[in-house]
Amino acid sequence: MPSTTVLPGFTGYRGPVLHFIGDPVTKEPEKNYEYLEDGLLVVSGGKVLVCKDAVEAMKEFGDDLEVVDCSDKLIMPGFIDCHVHYPQIDIVGSYGEQLLEWLQNYVFPAEAQYKDVDYANKVAKIFCNELLKNGTTTALTFCTVHKESVDALFTAAQERNMLMIAGKVLMDNEKFVPDFLREDCQQSYEESKALIAKWHTNGRCLYAVTPRFAVSSTPEELELAGKLCAEHAQEGVYMHTHLNENNSEIALAKEIHDCDSYLGIYHKHGLTGPKSVFAHCVHMEDAEWDRMKETNSAMAFCPTSNLFLGSGLVDLQAVHDKGIRCGLGTDIGAGTSFCQLETLNEAYKVGQMRKFKMSSLAQYHLATLASAGALSLDHRIGNFLPGKEADFVVLDLCATPLMERRIAQCKTLEEKLFVLSTLGDDRCVAATYVMGVQQYQRAQVDGSLE
């Protein structure tokens with residue numbers, strides 16, 4: 001889709017542009033987003049130079065800027081996936097279990113294969129390509145206990161210049177973890193330190209200390225995970241785990257760690273804080289929400305996974321009222337789609353079941369700037385302010401005949417966005433750009449309702 005620019009080092013993308021400056025869930029949402037019916041996004045050196053009205057912008061650049069025509073599309077910041085498991089792509093749609101049984105029957109056998117370097121490399125490439133095909137440019141992902149799985153993912157991400165956060169999974173509890181995945185906690189600590197030194201801030205790669213969840217780790221391992229976080233706090237290393245996903249999980253975690261609060265288990269080992277991201281947070285106590293706020297910890301809302309495993313419905317009203325930093329996660333493979341459009345569709349339904357009405361503007365803020373904020377990356381990505389890294393997606397709101405017919409009836413931007421998240425999927429992603437370079441382009445879409 002892009003062509004060589006006449007003005008060296010500069011490329012313009014002209015068409016409707018939407019991005020968020022703040023949270024639109026306010027009394028004056030129009031102050032927190034910018035929609036340009038005829039906008040121009042100018043990229044230079046992989047970063048946003050300017051995003052403004054096209055007519056005004058072209059006065060500055062004139063005919064020296066060759067422009068990519070996106071006039072029949074919608075340009076938005078790239079989607080951000082705040083919780084996903086790259087080793088689980090081959091078990092998406094595995095039938096009939098809830099969390100603990102699902103892990104034993106499907107997840108652990110699948111993850112055992114990642115000791116094979118060639119296998120890990122192959123799947124990592126497929127995973128990154130699938131993200132890009134769905135308009136996702138940044139992800140926070142679990143690997144497996146194998147250090148090779150981390151190397152494979154970061155290598156694949158670097159080949160595509162993607163901003164990727166990941167880490168080696170920590171699991172040492174013999175009462176839950178099968179022998180073929182269990183590792184000595186000291187060995188895991190040492191391997192994690194080596195991986196941090198190798199990958200954290202290497203290009204656009206960032207590292208996350210990754211205890212799977214309290215059930216699969218002993219207190220000794222969680223203590224070492226906290227030690228890793230403390231030792232590398234100044235470097236901005238992340239912590240990524242699961243929290244309060246399933247009632248059976250919660251009871252087991254409290255029993256193993258002799259603690260009356262699930263979040264309290266992590267907190268006492270130094271695993272809460274601004275760089276800590278907790279997936280799910282379905283069954284939260286009021287005191288846990290308060291501690292999340294006090295420690296400025298973030299959560300990843302994973303609606304397709306929570307519905308698929310029958311885990312429960314996140315209390316989105318509490319998330320809003322407590323001011324919790326919250327991003328959107330697909331949680332592949334319990335999640336059922338890589339596509340954040342489909343994830344937003346389910347997010348809206350969870351809100352409906354919880355009597356929390358999520359506006360279409362709130363949906364897209366969640367998938368972009370809010371997710372960047374949850375990952376402490378909103379200074380780098382998430383919108384089109386000058387200097388931001390130019391990760392963006394070009395969306396086709398008429399990707400299918402049904403969508404084209406439905407969009408024709410819409411009178412407002414909000415209506416169009418809601419149709420996009422309700423009927424949209426990966427077919428709506430016309431192109432995905434990473435640091436201003438096109439990494440995915442959709443094949444021609446044909447079809448008719450006639």
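The buried residues of helix α3, where buried means under 20% relative accessible area with a 1.4 Å probe and protein chains only, pack against β6 (79–85), β7 (136–142), α4, β8 (163–167), β16 (429–434) and β17 (437–441), contact being heavy atoms within 4.5 Å. This is a predicted model, in which local features need pLDDT of at least 70 and side-chain atom pairs count only at pLDDT 80 or more, while totals for chains, interfaces and linings use all residues. Residues are numbered from 1 along each chain as its sequence is written, and side-chain values use heavy atoms, with hydrogens and water left out.

The buried residues of α3 are Ala 120, Val 123, Ala 124, Phe 127, Cys 128, Leu 131 and Leu 132. An α-helix has 3.6 residues a turn, so residues three or four places apart point the same way.

Two helix pairs are set out below, with axes as lines fitted to C-alpha atoms over the stretch in contact and angles running from 0 to 180 degrees between N-to-C directions.

| Pair | Axes come within | Crossing angle |
|---|---|---|
| α4 (residues 147–159) and α5 (residues 185–199) | 11 Å | roughly 15 degrees |
| α5 and α6 (residues 219–231) | 9 Å | roughly 20 degrees |

α5 and α6 are therefore roughly parallel to each other, a term for angles under 35 degrees. The contact of α5 with α6 involves, among others, Tyr 189 and Ile 196 of α5 and Leu 224 and Leu 228 of α6, and its residues divide into five nonpolar, three polar and five charged, with Ala, Val, Leu, Ile, Met, Phe, Trp, Tyr, Cys and Pro counted as nonpolar, Asp, Glu, Lys and Arg as charged, and the others, Gly among them, as polar.

Technical notes:
Helix = DSSP H or I, 4+ residues; strand = E, 2+ residues; numbered from the N terminus. Buried < 20%, exposed > 50% of the residue type's maximum accessible area, 1.4 Å probe, protein only. Parallel < 35°, antiparallel > 145°, perpendicular 65-115°, else oblique.
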